[in-house]
Amino acid sequence: MMASSSPHDRSRKDNDDDDDPVERMISRTGCAELHYAVQECMAEHQDWRVCQSQVQTFKDCMMNFQIARKEQLMKQLTSTESAPS
């Protein structure tokens, strides 16, 4: 019995990704499904130019996450600075 070794096989158990820091980071952003769509497109077409819509959607998701994270960090920073000592 041979297990599938495809890196694009999303039927694996989630704990299989525990040793991959990139997978963990992307899953925290809420953009993981879009990342997988890029991977699947690339696996199917072997041409990043064909996958530009998937790449752009993933990029937009990551940018929105970064903006929201930056705003959250700025709020935390200003609330700690204005706290009375």
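A nonpolar core here is a set of buried Ala, Val, Leu, Ile, Met, Phe, Trp, Tyr and Cys residues joined through side-chain atoms within 4.5 Å. Buried means under 20% relative accessible area, with a 1.4 Å probe and protein chains only. This is a predicted model, where local features need pLDDT of at least 70, side-chain atom pairs count only at pLDDT 80 or more, and totals for chains, interfaces and linings use all residues. Residues are numbered from 1 along each chain as its sequence is written, and side-chain values use heavy atoms, with hydrogens and water left out.

View 1. You'll find 3 helices and 0 strands; helices (H or I, at least four residues) and strands (E, at least two) are DSSP runs, numbered from the N terminus. Of the 85 residues in the chain, 18% are buried.

**View 2. The largest nonpolar core holds 8 residues.** They are Ile26, Cys31, Ala32, Tyr36, Val38, Phe58, Cys61 and Met62. H2 and H3 are the elements that each give two or more residues to this core. In soluble globular proteins, nonpolar side chains tend to be buried together.

**View 3. Phe58 belongs to that core and sits in H3.** Leave aside the neighbours within four places in sequence, and Phe58 is in contact (heavy atoms within 4.5 Å) with Ile26, Cys31, Leu34, His35 and Val38.

**View 4. H3 covers residues 52–81.** Its 30 residues reach 43 Å from first C-alpha to last, close to the 44 Å expected at 1.5 Å a residue; that expected span is 1.5 Å times one less than the number of residues. Phe58, Cys61 and Met62 are buried in H3, and their cover includes helix H1 (21–29) and helix H2 (32–45).

**View 5. H2 has a span that agrees with expectation.** Ala32, His35, Tyr36, Val38 and Cys41 are buried in H2, with H1 and H3 among what covers them. Just after H2, Gln46 takes a positive phi of about 55°.

**View 6. H2 and H3 cross at roughly 160°, with axes that come within 9 Å.** Axes are lines fitted to C-alpha atoms, for helices over the stretch in contact, and angles run from 0 to 180 degrees between N-to-C directions. That makes H2 roughly antiparallel to H3, a label for angles over 145 degrees. On the H2 side, the contact is made by Leu34, His35, Ala37, Val38 and Cys41, and on the H3 side by Gln54, Val55, Thr57, Phe58 and Cys61.

Note on methods: Buried < 20%, exposed > 50% of the residue type's maximum accessible area, 1.4 Å probe, protein only. Parallel < 35°, antiparallel > 145°, perpendicular 65-115°, else oblique.
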